[in-house]
Amino acid sequence: MADTATFTCIDAEHPWPWLEAFPEYAASFFNGRDEDSEALLRCVFAAPVAILFGKSGLGKSSLLQAGLFPRLRKERLLPVYVRLSHDMHAAGVSEQIARQFHAQLKASLLKAYAGIAQHIQNTASESL
């Protein structure tokens with residue numbers, strides 16, 4: 001369940017993740033799939049469950065992480081990327097999903113708290 005962002009550094013000099021999926025932070029380099037991203041967003045909002053499936057290597061993970069997730073965040077929603085492990089010693093599906101949800105929620109809250117603290121600090125220094 002590792003996030004591909006920990007393995008790939010995508011920037012202006014290296015705008016392609018090669019065989020890895022485009023992570024969310026590299027959304028600005030994920031081009032040519034806007035229609036697919038918008039269609040997937042509409043599917044997510046249209047039903048309680050949306051399923052994305054296809055052959056390996058078609059870019060499903062990139063579409064989710066760099067296409068759909070930034071759009072969900074603009075709607076003030078928390079996307080949670082879960083890649084299930086099916087090996088013999090893996091936790092159950094519900095536990096894997098819960099762990100990822102809690103990890104993403106914690107990371108999102110920490111980021112929000114840091115933003116609030118920065119805002120308070122900026123406001124305090126402006127009033128001096």
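Modeller: The description below begins with the overall fold and then turns to the pocket. This is a predicted model, in which local features need pLDDT of at least 70 and side-chain atom pairs count only at pLDDT 80 or more, while totals for chains, interfaces and linings use all residues. Residues are numbered from 1 along each chain as its sequence is written, and side-chain values use heavy atoms, with hydrogens and water left out.

The protein has three helices and zero strands, where helices (H or I, at least four residues) and strands (E, at least two) are DSSP runs, numbered from the N terminus. Its C-alpha atoms fill a box of roughly 60 × 35 × 35 Å, taken along the principal axes.

The largest pocket holds about 1,200 Å³ of space. A pocket here is an open set of points on a 1 Å grid over the protein atoms alone, where a 1.4 Å probe fits, with protein on both sides within 12 Å along at least five of seven lines; lining residues have an atom within 4 Å of a point. The volume is the space filled by probe spheres set on the points, which are joined across faces, edges and corners. Of the 41 lining residues, Leu-52, Lys-60, Ser-61, Leu-64 and Tyr-81 are the closest to the centre of the largest pocket. By class, this lining comprises 29 nonpolar, eight polar and four charged residues (Ala, Val, Leu, Ile, Met, Phe, Trp, Tyr, Cys and Pro count as nonpolar, Asp, Glu, Lys and Arg as charged, and the others, Gly among them, as polar).

At least two lining residues come from each of α1 (34-46), α2 (60-74) and α3 (93-126), and α2 gives the most, with eight. Two of these helices, α1 and α2, pack at an angle of about 60° with their axes 9 Å apart; axes are lines fitted to C-alpha atoms, for helices over the stretch in contact, and angles run from 0 to 180 degrees between N-to-C directions. That makes α1 oblique to α2, since angles under 35 degrees count as roughly parallel, over 145 as roughly antiparallel, 65 to 115 as roughly perpendicular and the rest as oblique. In their contact (heavy atoms within 4.5 Å), residues of α1 including Leu-40, Leu-41 and Val-44 meet residues of α2 including Leu-63, Leu-64 and Leu-68. The contact divides into eight nonpolar, two polar and four charged residues.
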